[in-house]
Amino acid sequence: MHPWNQPFELDYNRRIFDEELDEFLPEKIFDAHVHLAGPGCIPEEKPFSCGGVPVTNYTYENLACDLAMAFPGRETAALCFGFPDPAYDTVASNRYVGNGADFRRFFPLRLLDPLRDTAESVSADLDRFGFLGLKPYPDYARPGDIPNAEIPEMLPDWAMELAHERQLLVVLHIPRPSRLEDPLNRRHIGELCSRWPRAKIILAHAGRAYYLRGIIGLLEELRHLPNLYFDVAMMQHWEVLAYLFREIATDQLLFGSDIPIGLAQGKAVEINHQYSYVTPRPWSIALCDDRGRMRFTSFLNEELRAIRQASEAARLSRSAIAALFHDNARALVDGVPSRKFNLNPVSKT
Ligand SMILES: [Zn+2]
């Protein structure tokens with residue numbers, strides 16, 4: 001059992017939810033950023049660290065249980081993909097995510113490894129499993145020099161041709177140390193959107209903009225691209241979110257949690273124009289509260305708190321908040337002409 005399912009964390013997280021989030025959150029939540037791993041996808045000896053919690057399995061059953069726990073009383077749905085790491089079994093991961101999706105509540109994306117996949121192999125999987133889109137990652141694109149991977153290496157033309165033809169979603173975790181500050185990244189995002197207008201590009205973590213210098217003044221070239229979307233997974237800095245909400249049209253904003261990472265305890269923090277996380281458990285990319293000075297809640301609760309504060313600052317209406325948390329993602333999923341949608345009994349009659 002994961003620590004977030006045990007009373008010490010569960011009861012406390014629930015209290016925060018009841019006191020601070022319940023009245024703010026709409027009835028329906030569509031989480032556009034969830035990672036899953038079926039049995040055998042992550043090697044036992046190389047667990048994925050969710051904020052210091054080692055995970056080798058995170059199944060659809062875990063997700064259903066945890067969504068009910070994290071969003072009490074809400075109707076929930078999710079866009080799901082594997083853990084993108086070349087050291088894991090990507091083929092098994094795609095098979096698990098594809099096979100388990102029900103296309104009513106849980107919708108699958110396919111991890112894309114441009115060095116091992118081909119147009120034929122991806123096409124065959126799109127037909128077989130009905131994936132609604134692709135999840136590339138810098139680690140697949142330039143394994144020997146991950147920090148300097150470029151977007152066209154992550155998404156070669158043959159993959160974008162498929163995405164364009166089939167009107168797929170592409171969840172893009174942008175590469176390179178300077179993120180949106182890097183003009184090459186901004187140019188590549190613009191080119192991607194305009195060359196392949198039928199593809200829908202979703203910038204994960206709004207371009208990994210966890211701190212103010214990662215976003216202020218950087219959205220000008222991006223804000224008018226009609227097929228570009230921004231997910232807010234793991235963003236916990238309310239001023240960053242408020243800036244995003246003011247600059248970007250509401251119908252291009254998507255809620256995401258980065259579950260299961262979002263369920264671990266901790267908080268993302270900005271310090272001196274940089275960001276890190278503070279966590280109660282040691283995590284390689286975080287500062288650790290090893291003296292136990294703080295009582296933490298989940299990253300997800302921190303994200304929801306920040307979204308609430310930013311929505312108030314940016315004066316989002318109730319309908320804009322419902323769009324951010326559900327309607328926009330639902331419309332994106334419904335807009336992909338996947339074969340699997342035709343399998344439901346209504347369309348057979
Ligand atoms: Zn993620």
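Select helix 2 (residues 60-70) together with the elements that cover its buried residues, which include strand 1 (28-35), strand 4 (75-81), helix 3 (90-100), strand 5 (106-108) and helix 11 (299-313). Helices (H or I, at least four residues) and strands (E, at least two) are DSSP runs, numbered from the N terminus. This is a predicted model, in which local features need pLDDT of at least 70 and side-chain atom pairs count only at pLDDT 80 or more, while totals for chains, interfaces and linings use all residues. Residues are numbered from 1 along each chain as its sequence is written.

Within helix 2, highlight Tyr60, Leu63, Asp66, Leu67 and Ala70, its buried residues. A residue is buried if 20 or more other C-beta atoms lie within 10 Å of its own, exposed if 12 or fewer, and partly exposed in between, with C-beta atoms placed from the backbone.

To see where they meet, select Asn13, Ile16, Phe17, Glu20 and Leu21 in helix 1, and Asn301, Leu304, Arg305 and Arg308 in helix 11. Contact here requires C-beta atoms, placed from the backbone, within 7 Å.

Next, select strand 8 (residues 169-172). Leu169 and Val171 point one way, Val170 and Leu172 the other, and all are buried. Strand 8 pairs in the parallel sense with strand 7 (residues 133-135) over 2 bridges, where Gly133 stands opposite Leu169. Strand 8 also pairs in the parallel sense with strand 9 (residues 200-203), over 4 bridges; there Val170 stands opposite Ile201. Two strands pair if DSSP finds at least two bridges between them.

Val170 leads on to the largest nonpolar core, which has 112 residues; Cys80, Val170, Ile202, Leu203 and Leu241 have the most contacts inside it. Such a core is a set of buried Ala, Val, Leu, Ile, Met, Phe, Trp, Tyr and Cys residues joined through C-beta atoms within 7 Å. Its largest share, 7 residues, comes from helix 10 (residues 238-247). Select that helix: 7 of its 10 residues are buried, among them Trp238, Leu241 and Phe245. Cover for the buried residues of helix 10 includes helix 9 (205-208), strand 10 (228-231), strand 11 (253-254) and helix 11.

Move to the open sheet of 3 strands, in the order 12-13-14 with mixed pairing. Its edge strands are strand 12 (267-271) and strand 14 (286-288). Strand 12 pairs with strand 13 (residues 274-279) in the antiparallel sense over 5 bridges, and Ala268 has Tyr277 as its bridge partner.

Finish at Ser338, in the loop between helix 12 (318-334) and helix 13 (345-348). Ser338 counts as buried because 23 C-beta neighbours lie inside 10 Å.

Key
Two residues are in contact if their C-beta atoms, placed from the backbone, lie within 7 Å.
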